[in-house]
Amino acid sequence: HAEQNPSPDGQRSSQLLARQWQDFWKKSRNTLVPQRLLFEVTSANVVKDPPSKYVLYTLAVMGPGPPDHQPAHISRRYSDFERLHRNLQRQFRGPMAAISFPRKRLRRNFTAETIARRSRAFEQFLSHLQAVPELRHAPDLQDFFVLPELRRAQSLTCTGLYREALALWANAWQLQAQLGTLSSPDRPLLTLAGLAVCHQEMEDPGEARACCERALQLLGDKSPHPLLAPFLEAHVRLSWRLGLDKRQSEARLQVLQEAGLTPTPPPSLKELLIKEVLD
């Protein structure tokens with residue numbers, strides 16, 4: 001349910017988000033080449049979640065773009081870094097041998113000194129992983145960066161919290177672009193589906209249609225992907241609503257339906273988003 005009177009702050013932040021998203025969109029239209037990323041722990045908070053207590057490290061992930069370019073953000077705890085380190089060590093014994101990782105301590109885990117030292121160590125750890133091509137492309141590293149964000153965005157979308165979900169989908173898109181993973185389209189397509197659904201539900205058909213167009217570019221002429229017909233159907237509907245040309249998408253959708261490659265009508269992006277199991 002849309003808020004009747006959004007607070008000026010809420011309005012401002014959603015306008016800012018839309019602007020950042022448009023800037024980002026323009027920059028990410030070309031295929032992105034993974035380049036060295038910078039990682040900075042911007043905050044570290046002690047979280048008490050009885051019976052456990054842990055430190056949540058928030059990192060800014062910055063690509064090599066212009067200095068005003070908004071960084072993406074992730075929040076992870078020590079155990080998340082540790083799991084990543086363990087998984088990579090198991091698969092890449094050679095390259096991982098030279099990469100150091102802060103050891104677990106039995107005491108004094110929550111002192112300012114330990115937290116500061118770990119923050120620096122985590123920044124270096126990720127920078128070293130990024131610097132080694134075979135580690136940079138490791139599925140475990142990609143999962144570490146993007147999967148928790150996608151899961152949270154999906155769960156917020158499914159419960160109808162579209163404004164909060166939109167910020168997470170946009171952040172996940174930015175992460176994937178900076179990591180250079182847009183060339184393997186499954187997760188980027190799911191992210192675009194999430195963005196399209198949220199923009200649509202928040203009555204922003206222009207942005208929703210732009211997401212569909214980006215997805216159709218990514219899909220190209222590949223053999224029918226499960227998301228192709230839903231994106232075409234959404235593109236047709238949004239184009240009609242905006243009074244824009246929809247003939248090409250209509251024709252492509254008709255070809256798929258006549259070949260029996262998709263039901264009539266195809267499932268909606270929202271239905272597919274809800275059913276998708278992120279693993």
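I began with glutamate 149, which touches His73, Ile74, Arg76, Asn171, Ala172 and Leu175 when residues up to four places away in sequence are not counted; a contact here means heavy atoms within 4.5 Å. Before going on I noted that this is a predicted model, in which local features need pLDDT of at least 70 and side-chain atom pairs count only at pLDDT 80 or more, while totals for chains, interfaces and linings use all residues. I also noted that residues are numbered from 1 along each chain as its sequence is written, and that side-chain values use heavy atoms, with hydrogens and water left out.

**Entry: glutamate 149 and the whole chain**

I placed glutamate 149 in helix H6, where helices (H or I, at least four residues) and strands (E, at least two) are DSSP runs numbered from the N terminus. Is glutamate 149 buried or exposed? I found that glutamate 149 is buried, because its relative accessible area is 7% and buried means under 20%, with exposed over 50% and partly exposed in between (1.4 Å probe, protein chains only).

Turning to the protein as a whole, I counted 12 helices and 3 strands, and of its 279 residues 43% count as buried. Among contacts between residues at least 6 apart in sequence, 62% join residues at least 24 apart. The protein exposes about 15,300 Å², of which carbon and sulfur atoms supply 52%; these areas come from the Shrake-Rupley method with a 1.4 Å probe, and for residues only the protein chains shown count as cover.

**Entry: the strands**

I followed strand E1 (residues 38-49) to strand E2 (residues 52-62), and the two pair in the antiparallel sense over 11 bridges; strands pair if DSSP finds at least two bridges between them. A hairpin of 2 residues joins E1 to E2, and proline 51 lies in that loop. The peptide bond between proline 50 and proline 51 is cis, with omega about 5°. Within the pairing I looked up two positions: phenylalanine 39 has valine 61 in E2 as its bridge partner, and valine 47 stands opposite tyrosine 54 in E2. E2 also pairs with strand E3 (residues 72-77), again in the antiparallel sense, over 6 bridges, and there threonine 58 stands opposite serine 75 in E3.

Which residues does glutamate 123 touch, not counting residues up to four places away in sequence? I found Phe39, Glu40 and Val41, although glutamate 123 itself is found in helix H4 (residues 112-131). Glutamate 123 counts as buried, because its relative accessible area is 13%.

**Entry: the second largest pocket**

I then looked at the second largest pocket, which holds about 400 Å³ of space. Of the 19 residues that line this pocket, the closest to its centre are Arg76, Asp143, Phe144, Leu147 and Pro148. For the search, a pocket is an open set of points on a 1 Å grid over the protein atoms alone, where a 1.4 Å probe fits, with protein on both sides within 12 Å along at least five of seven lines, and lining residues have an atom within 4 Å of a point. Its volume is the space filled by probe spheres set on the points, which are joined across faces, edges and corners.

Which element gives the largest share of the lining? Helix H6 does, with 8 residues, while E3, helix H2 (78-91), H6 (139-158) and helix H7 (162-179) each supply at least two.

Proline 265 lies in the loop between helix H11 (247-258) and helix H12 (269-275). Glutamate 203 has a phi near 60°, a positive value in a residue other than glycine. I noted both kinds of feature because most residues other than glycine have a negative phi, and most peptide bonds are trans. Glutamate 203 sits in the loop between helix H8 (186-201) and helix H9 (205-219), and counts as exposed because its relative accessible area is 54%.

Last, I looked up glutamine 200 in helix H8, which touches Ala208, Arg237 and Leu238, not counting residues up to four places away in sequence. The C-alpha atoms of glutamine 200 and alanine 234, 34 residues apart along the chain, are separated by 9.6 Å.
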